[in-house]
Each structure stands twice: as C-alpha cells, then as structure tokens.
Amino acid sequence: MKRRNRWVFLGLVPFGVMVFAFQFAPILSMLTGSLRQEDGLGITFGFYSRIIQSAFYLQAIKNSLLISISSSVIGIAVGLLCAYSITRFSARMRDRLLMLSNMTSNFAGVPLAFAYIILLGNNGVFTLLFKQWGWSVFADFNLYSWTGLILVYVYFQVPLALLLLYPSFYGIRDQWKEAASLLGASRWQFWSTVGIPVLTPAVFGTLGILFANAMGAYATAYALVGGNYNLLAVRIGSLVSGDVVNQPQLGNALAVILALSTLLAVYLNHKMAQRSQLFHSNSSSLQVRRRRRLLRPWAGAVKEEL
C-alpha cells in the first residue's frame, strides 16, 4: 500500500512542475520585477509611486475599471434573462443553444475585433448598407470609441454569463414553487422571497468572473483601438514590448495592480460559491430533519411491534 502511495505521489511530480512553471514562476517574476530597480540592484517602490502620481496611468486604471464594470453589469443582466429563457426550452433545443453559447464565448480576441470592423466599422457592411438605404441607425456610432468597446466586450460577456448562470436555475426546485402556489403566493412573491435570494450568490460570483475576464482582455481592445484608447492591459503591453521605449519594471507594477483587481473578483466568486453551497446544504439538512420528524411515530410503532 505504501509503494502504491509513493507511485501516486511520483505521478504528481510532472503536474507540480507544470503548476510551478506556468503559475507560480510568472507571478514571482512579476512581483520581483516590479520591485527591482532599473539597474537591477536593490529594491524600490518607486514604480508604484510613479503610477499613483501619474494621471496617465491612473486614467488607464479608471478606464479599465469602468469598461469592466459596465460590460459585466450588462452581461449579467442579459445573461440572466437568457439563462432563464433557456430553461423553458426542450432538452434538444437547450443543448443546441448551449453549444452556440459556448462557441460565441470562445470567439474573442483579434478575430472578434476584425469581425466587428468588417460589419460595423467606418466602411463596414452594415454601416454602408444602412447609409445607402437612408437609415441613420449608425450615424452617430463610432466603433473605435467607448461605446464600440462596450459593444464588443458585451459580445463575449453575455455567453459566458449564460453558461455560468444556467445551472443555478435548476437549484430552484419545483417543490418550492408548488408549495408557494399552494400557500397563495404569486409568482412575483416567490421570486422576490425565494428565487432571487437563491440566485444571488451565483449572480455575484458570475459578476466577479465577468469583471476579471474584462480586465484581462488585451487582444480584442488592442486590435480594435490599438493605443488610441487608454486601457490598463494595453499600457502593460506597450511597456513590456513597445516599439519605442521598454520599461518592463513599470509594466510589472501595472500588472500587479491588474492582478490584485482580478484576484479580488475571484475571491468574491469563491465566497459567493461557498454561500451557495451552504444554502443548499442547509436546505438538504432541513429536508432530512423533516423526514425524520415524519418517521418518528412510525418508528415508535415498529419498535412496539418488535
């Protein structure tokens, strides 16, 4: 038995090496790089103070936070409605819609930006077509602005929110709806007192994932607006692999700030998942207690017969 355990631990060595090489080593390099001086000697916090004192980098952080929060809120609102709608379809149609959502959630980056440029750019298909028809639908729309970025971000945020929120609706049991209707509660009363509180941990957890997904998006924003719009991920890329000036230490410091914001969102998702599991475990234990109470008189009768 001990030899088997040794072989099991030996088989985990390649996994540990991969985790260290692709998870911990980049994090350590980023942290040490943000504290290393330009000459490579000594430790300094000057890059963080430069970020705090620079209006340019503070604007990049602010723009990234605003676009991430806006796209996440819109994505969670639309995804919540879509997830509820999918539960009303048949099993075959539901599987097809989920497959389509999975495909669209992975369609991001440079191909997504080029697709929007071809369709809604200044010389896009729909832009020229509506202009020829005399429709002023996209007259004031600029794809290479704040509105265009929000539209592109929402495209891959909605399918991801749908996939994450879809299983949560099946946590609302039909017995709860039947009990609420028997007690005279309306549908709005059921959702306001039972349904929405059950979905709240999943909604906030999904919101954290969407926020982290939007904060870390680089290829889509860079392919769409390049360096014309000040975003945190774009600034990090320009500092690390810029054509004019390379400042990897300052880029590492910005990357640490980006990582802290995404870690906060992931921590929120973790706490909400724990709360959801606690709710379901409490509900299941409550059902077991009720069953035991119902079985108590029958158990006494069985003991007397024995």
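Predicted model: local features only at pLDDT ≥ 70, side-chain atom pairs only at ≥ 80, totals over all residues.
Residues are numbered from 1 along each chain as its sequence is written. Local features need pLDDT of at least 70 and side-chain atom pairs count only at pLDDT 80 or more, while totals for chains, interfaces and linings use all residues.

Begin by selecting L149, Y153, L224 and L231, which touch the most other members of the 22-residue largest nonpolar core. Such a core is a set of buried Ala, Val, Leu, Ile, Met, Phe, Trp, Tyr and Cys residues joined through side-chain atoms within 4.5 Å, where buried means under 20% relative accessible area (1.4 Å probe, protein chains only). Next colour the helices α6 (110-120), α8 (146-165) and α11 (219-225), each of which supplies at least two residues of this core; the largest share, seven residues, comes from α8. Helices here are DSSP runs (H or I, at least four residues), numbered from the N terminus.

Now centre on L224, which, leaving aside its neighbours within four places in sequence, is in contact (heavy atoms within 4.5 Å) with A113, I117, L143, Y144, G148, L149 and V152. Apart from this core lies another, of 19 residues, among them F211, L254, A255 and A265.

Then select S261 in helix α13 (residues 248-305). S261 is buried, with a relative accessible area of 16%, and beyond its neighbours within four places in sequence it is in contact with F211 and M215.

Finish with V17, which lies in helix α2.

Technical notes:
Heavy atoms only, no water. Buried < 20%, exposed > 50% of the residue type's maximum accessible area, 1.4 Å probe, protein only.
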